[in-house]
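Thank you all for coming.

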Amino acid sequence: MKTRNSRKVSLKWIIILCIFSFALGMLFTNRVWPFESDGQIMSRRRHDQELRDVSEDCSTKKDKDIMGEFHKAHGAIQSIRSLDNSIAKLRIELPSTSRSTETGILENRPTTIKTYSDTTAPRKKAFMIIGINTAFSSRKRRDSVRETWMPRGEKLLQLEQEKGIVVRFMIGHSATSNSILDRAIDSEDAQHKDFLRLEHVEGYHELSAKTKIFFSTAVAKWDADFYVKVDDDVHVNLGMLATTLARHRTRPRVYIGCMKSGPVLSQKNVKYHEPEYWKFGEEGNKYFRHATGQIYAISKDLATYISVNQPILHKYANEDVSLGAWFIGLEVEHIDDRNMCCGTPPDCEWKAQAGNVCIASFDWSCSGVCKSVERIKDVHARCGEDAGALWSALL
């Protein structure tokens with residue numbers, strides 16, 4: 001009986017133990033699977049995050065590359081714009097200079113212009129500047145001009161102050177510094193005070209260069225309506241010249257003189273030979289129209305144009321041809337005034353008697369008054385204007 005009960009107890013505990021083991025196994029299984037599931041989820045999340053990070057890195061790198069290319073393109077555009085602005089500034093250099101000059105005139109204040117010498121100075125207002133081209137060896141010619149049509153001393157200063165007419169002999173310097181030639185001019189200038197010294201080495205074949213430097217220097221010193229060049233062996237009636245130029249005062253860019261179109265001389269060893277004759281076409285061609293070099297006048301805008309651009313203006317062998325060439329392609333009005341190239345007596349005398357006083361007189365055969373030192377007094381006596389004509393001229 002006791003043995004049976006023991007078996008029963010043992011069996012009962014065995015069943016309980018099995019049930020407990022089963023329950024414990026289920027509990028253990030339920031705890032483990034969630035951990036494994038969470039681990040897989042975490043692993044999957046990490047994988048997804050890594051994919052996103054890689055994607056973002058690629059996207060960021062791509063954006064950086066795009067931004068880099070954009071900045072490069074932007075920089076190139078800015079460089080192009082800067083270059084365009086620089087070119088535009090160069091193109092408007094002359095107009096802006098003219099506008100600043102005109103503004104100074106309208107406001108009645110001094111203006112400055114930069115010239116070949118890279119210097120600036122206040123400019124005096126004037127009506128016209130007359131530069132008489134002369135050389136070291138032409139002292140007698142200068143004296144003959146002073147004794148005839150050019151005022152001297154106090155009269156010269158009065159003419160400048162009251163009429164705005166400035167008359168100067170223009171000359172450069174010798175190739176040797178402080179030579180006897182330069183000292184002679186210094187002494188003559190101290191006596192008469194009627195020279196305009198140029199930064200130019202004198203020489204017959206350098207007349208084109210001298211002309212450019214004259215206009216550049218004159219524009220730097222005076223703000224004038226007209227700038228005139230005349231040779232020292234030409235007779236001039238200043239009153240008639242001033243009256244004539246005053247009629248053209250309102251016109252821009254005028255070029256006044258006796259217009260001609262002479263042959264281009266290709267033969268060497270002849271006077272007025274043109275080494276660059278081939279630029280003017282076939283042999284036997286003529287030059288374009290230009291004013292003869294004995295005397296001509298240009299307005300302020302044209303003189304300023306020469307001053308601003310003189311380093312790049314081409315020089316031909318003949319000075320009058322060079323001047324005409326500088327105006328080719330510009331809106332310039334050529335005025336052919338034959339009163340600026342009258343012959344010496346009896347030509348200018350007949351015209352004076354008829355009431356048509358000449359502006360300038362000379363002999364074509366000599367490109368000036370032949371033997372001017374001896375003859376210019378006679379020309380002045382027979383063809384000169386009345387003594388008061390200059391002072392009564394309405395400008």
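Predicted model: local features only at pLDDT ≥ 70, side-chain atom pairs only at ≥ 80, totals over all residues.

Let me begin with Q158, which, if we leave out residues up to four places away in sequence, touches K163 and W391.

Q158 sits in helix α4, which covers residues 153-163 and has L156, L159, E160 and K163 as its buried residues. Looking down the axis of α4, we find these buried residues within an arc of 110 degrees, and therefore they line one face of the helix. On the other side of α4, the exposed residues are E154, Q161 and E162. As for what the buried residues of α4 pack against, the partners are the strands β1 (124-133), β2 and β4, together with the helices α7 (238-246) and α12 (389-392). Just after α4 comes G164, with a positive phi of about 70 degrees.

Let me turn now to helix α5, residues 180-192, whose 13 residues reach 18 Å from the first C-alpha to the last, which is close to the 18 Å expected at 1.5 Å a residue. Here the buried residues are D182, I185, E188 and H192, and because they cover an arc of only 125 degrees around the axis, they lie on the same side of α5. I180, A190 and Q191, on the other side of α5, are exposed. The buried residues of α5 pack against helix α3 (139-146) and against the strands β2 and β3. Just after α5, K193 takes a positive phi, in this case of about 55 degrees.

In what order do the strands of the open sheet run? There are seven of them, in the order β3-β2-β1-β4-β7-β6-β8, with mixed pairing. At the edges are β3 (195-201) and β8 (333-336), each of which pairs on one side only, and the twist from one strand to the next averages 25 degrees.

Within the sheet, strands β6 (residues 254-260) and β7 (residues 290-299) run antiparallel and are joined by five bridges, with I256 standing opposite A297 in β7. Helix α8, residues 300-309, packs on the sheet and touches β4 (222-231), β6 and β7, its direction making about 105 degrees with that of β7. Helix α9, residues 319-326, also lies across β4, β6 and β7, but runs at about 35 degrees to β7.

Finally, α8 has a helical partner in α6, residues 207-221, and these two pack at an angle of about 110 degrees with their axes 8 Å apart, which means that α6 is roughly perpendicular to α8. Which residues meet where α6 and α8 come together? From α6 they are K212, F215, S216 and V219, and from α8 they are A303, T304, I306 and S307.

Technical notes. Residues numbered from 1 in each chain as written. Heavy atoms only, no water. Pairing = 2+ DSSP bridges. Helix = DSSP H or I, 4+ residues; strand = E, 2+ residues; numbered from the N terminus. Axes fitted to C-alpha atoms, helices over the stretch in contact; angles between N-to-C directions. Contact = heavy atoms within 4.5 Å. Expected span 1.5 Å × (residues − 1). Buried < 20%, exposed > 50% of the residue type's maximum accessible area, 1.4 Å probe, protein only. Arc of directions from axis to C-beta. Parallel < 35°, antiparallel > 145°, perpendicular 65-115°, else oblique.
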